[in-house]
Amino acid sequence: GDKRQYCTALIVPDFEAFRTAFLDRGDQPLPSNDLVRNSEVLNTIQVEIDRYQKELATFERVRKFVLLPEAFSVENGMLTPTLKIKRKEVEWRYADTIESLYEVRRSEVTN
């Protein structure tokens, strides 16, 4: 949300927890690329975001998010050796995704 109208988030879900939940129900486990687009997974994440943001001011709340299919790691260049996020690398690699979170869709425009 730095220098933007509102906060957004890039989230890497706990893929194993979701896979385990699907297996416990008897469903087939989904690959990471499918899990990040699964409506049940998206809804679960939204519920958790809403739960944790109850006490935050409106301007502090995440309005939109996207799930990423790959965790940040030293190997993929997203973390430093001391496990700090390389913000510029994340912003560069996910520039299109971040911009899409700030696009105004016709359904969002109210008259």
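A: The model is predicted. The helix in question is α3, residues 39-53.

Take the length of α3 to begin with. The helix has 15 residues, and at 1.5 Å a residue it should span 21 Å.

Next, the buried side. V41, I45, I49 and Q53 of α3 are buried. Viewed down the helix axis, the buried residues of α3 fall within an arc of 95°, so they line one face of the helix. What do they pack against? The partners of these buried residues are β1 (7-11), α1 (15-24), α2 and β2 (62-67). The face turned away from the buried side carries S39 and V47, both exposed.

N38 sits in the loop between α2 (32-35) and α3. Is N38 buried or exposed? Its relative accessible area is 18%; buried means under 20%, so N38 counts as buried. Setting aside residues up to four places away in sequence, N38 touches F22 and L30. One of its side-chain oxygens comes to within 2.8 Å of the backbone nitrogen of E40.

Another loop residue can be described in the same terms. S73 is found in the loop between β2 and α4. Its relative accessibility is 19%, and the cut-off for buried is under 20%, so S73 is buried. A polar atom of the S73 side chain lies 3.4 Å from the backbone nitrogen of E75. Neighbours within four places in sequence aside, S73 is in contact with M78 and L79.

Last, the pocket. The largest pocket has a volume of about 380 Å³. Its lining is made up of 14 residues. Nearest its centre lie G1, T8, R87, E91 and I98. Which elements supply at least two residues each of this lining? They are β1, α4 (87-93) and α5 (95-101). Of the elements, α5 gives the most, with four residues.

Methods. Residues numbered from 1 in each chain as written. Predicted model: local features only at pLDDT ≥ 70, side-chain atom pairs only at ≥ 80, totals over all residues. Heavy atoms only, no water. Buried < 20%, exposed > 50% of the residue type's maximum accessible area, 1.4 Å probe, protein only. Contact = heavy atoms within 4.5 Å. Expected span 1.5 Å × (residues − 1). Arc of directions from axis to C-beta. Polar contact = N/O pair within 3.5 Å; in protein donor to acceptor, adjacent residues only side chain to side chain. 1 Å grid on protein atoms, 1.4 Å probe; cavity = no way out; pocket = protein on both sides within 12 Å on 5 of 7 lines; lining within 4 Å. Points joined across faces, edges and corners; volume = space filled by probe spheres on them.
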